[in-house]
Amino acid sequence: GIDFASFTGYMFLGICLVLLTSFPFLRMLYWNKKLYNKESIEIVELKHEILVWRQTAQRINPASREETAVKCLLMQKVLNLENLLRKMMKTFQREISQEDKNWEQNIQELQKKHRITDKVLLVKCASVLGVVIFMFFLNSFVPSIHLDLGKCCTVSSRLLLPILSNFPNTSLKV
């Protein structure tokens, strides 16, 4: 039984509290992690293989000369795999550091690739959205209008349909 303005007012304080607590918490949680630099599948598989070979070698109790020889062979395999992993990690770190150096260039490329191509459509859609939000608040502050939220949405969609039907990039045709 509350209107849109009351709902917005009640939720505003809660949203501000969540933002003020979650941003520092997430920053603290991920302070030294680069979330976009995931290790390649080859590196992950190689780490797993090293772990398996090391655990196998540790389970062998050298009671005889043959068991000692097998354990030495397994440990040599682990060392070879660790050397390979170091080489792969150096290559991976070089690629990552190169990506980190080119972050401004990457952002510019993304801005060029995913730019807004139809600014007129953007302005029209944003203005219709602004009208809808204005009507929501108007309904809350001026109760004599008797315009419910469903009617606000219907009126705005009727405004937006002819606009969208004139643009060739949209799949919506009237």
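**Lys77**

I started with Lys77 and asked how exposed it is: at 32% relative accessibility, Lys77 counts as partly exposed (buried means under 20% relative accessible area, exposed over 50%, partly exposed in between, with a 1.4 Å probe and protein chains only). I was looking at a predicted model, where local features need pLDDT of at least 70, side-chain atom pairs count only at pLDDT 80 or more, and totals for chains, interfaces and linings use all residues. Residues are numbered from 1 along each chain as its sequence is written, and side-chain values use heavy atoms, with hydrogens and water left out.

I placed Lys77 in helix α3 (helices are DSSP runs of H or I with at least four residues, strands are runs of E with at least two, and both are numbered from the N terminus). Setting aside neighbours within four places in sequence, I found Lys77 in contact with Glu49 and Trp53 (contact means heavy atoms within 4.5 Å). I also checked Ala57, which is 20 residues from Lys77 along the chain, and the two C-alpha atoms are separated by 9.8 Å.

**Glu82**

I moved along α3 to Glu82, which lies in that helix too. Is Glu82 buried or exposed? Glu82 counts as buried, at 17% relative accessibility. Apart from neighbours within four places in sequence, its contacts are Ile50 and Arg54.

**The core around α2 and α3**

Next I looked up the largest nonpolar core, and its seven residues are Ile43, Leu46, Ile50, Val78, Leu81, Leu85 and Phe92 (such a core is a set of buried Ala, Val, Leu, Ile, Met, Phe, Trp, Tyr and Cys residues joined through side-chain atoms within 4.5 Å). Helices α2 (41–59) and α3 (65–101) each supply at least two residues of this core. Which helix gives the most to this core? I noted α3, with four residues.

I then picked out Leu85, which touches Ile43, Leu46, Lys47 and Ile50 when residues up to four places away in sequence are not counted.

**The whole chain**

I stepped back to the fold and noted six helices and zero strands in the protein chain. Along the sequence the pattern reads α-α-α-α-α-α. Of the 174 residues, 15% count as buried. Among contacts with a separation of 6 or more, 59% come from residues 24 or more positions apart.

**Record check**

I looked up the UniProt record, an unreviewed entry, and it lists residues 12–30 and 121–142 for "transmembrane region" (positions are in the numbering used here, feature names are shortened, and annotations may be inferred rather than shown by experiment). In the model, residues 12–30 are 95% helix and 0% strand, with end C-alpha atoms 27 Å apart. Residues 121–142 are 95% helix and 0% strand as well, and their end C-alpha atoms lie 31 Å apart.

**Helix α5 and its partners**

Which residues of α5 are buried? I listed Leu121, Val128, Val132, Met135, Phe136 and Ser140. These buried residues pack against α1 (4–29) and α6 (149–165).

I took the α1 side next: Phe4, Ala5 and Thr8 in α1 meet Phe136, Phe137, Ser140 and Phe141 in α5. The two helices, α1 and α5, pack at an angle of about 105 degrees, with axes 7 Å apart (axes are lines fitted to C-alpha atoms, for helices over the stretch in contact, and angles run from 0 to 180 degrees between N-to-C directions). That makes α1 roughly perpendicular to α5 (under 35 degrees counts as roughly parallel, over 145 as roughly antiparallel, 65 to 115 as roughly perpendicular and the rest as oblique).

On the α6 side I checked Ser156, which is found in that helix. Ser156 is buried, with a relative accessible area of 9%, and it contacts Val128 and Val132, leaving aside neighbours within four places in sequence.

Lys151 is partly exposed, with a relative accessible area of 46%. Its C-alpha atom and that of Val132, 19 residues apart along the chain, are separated by 10.0 Å.
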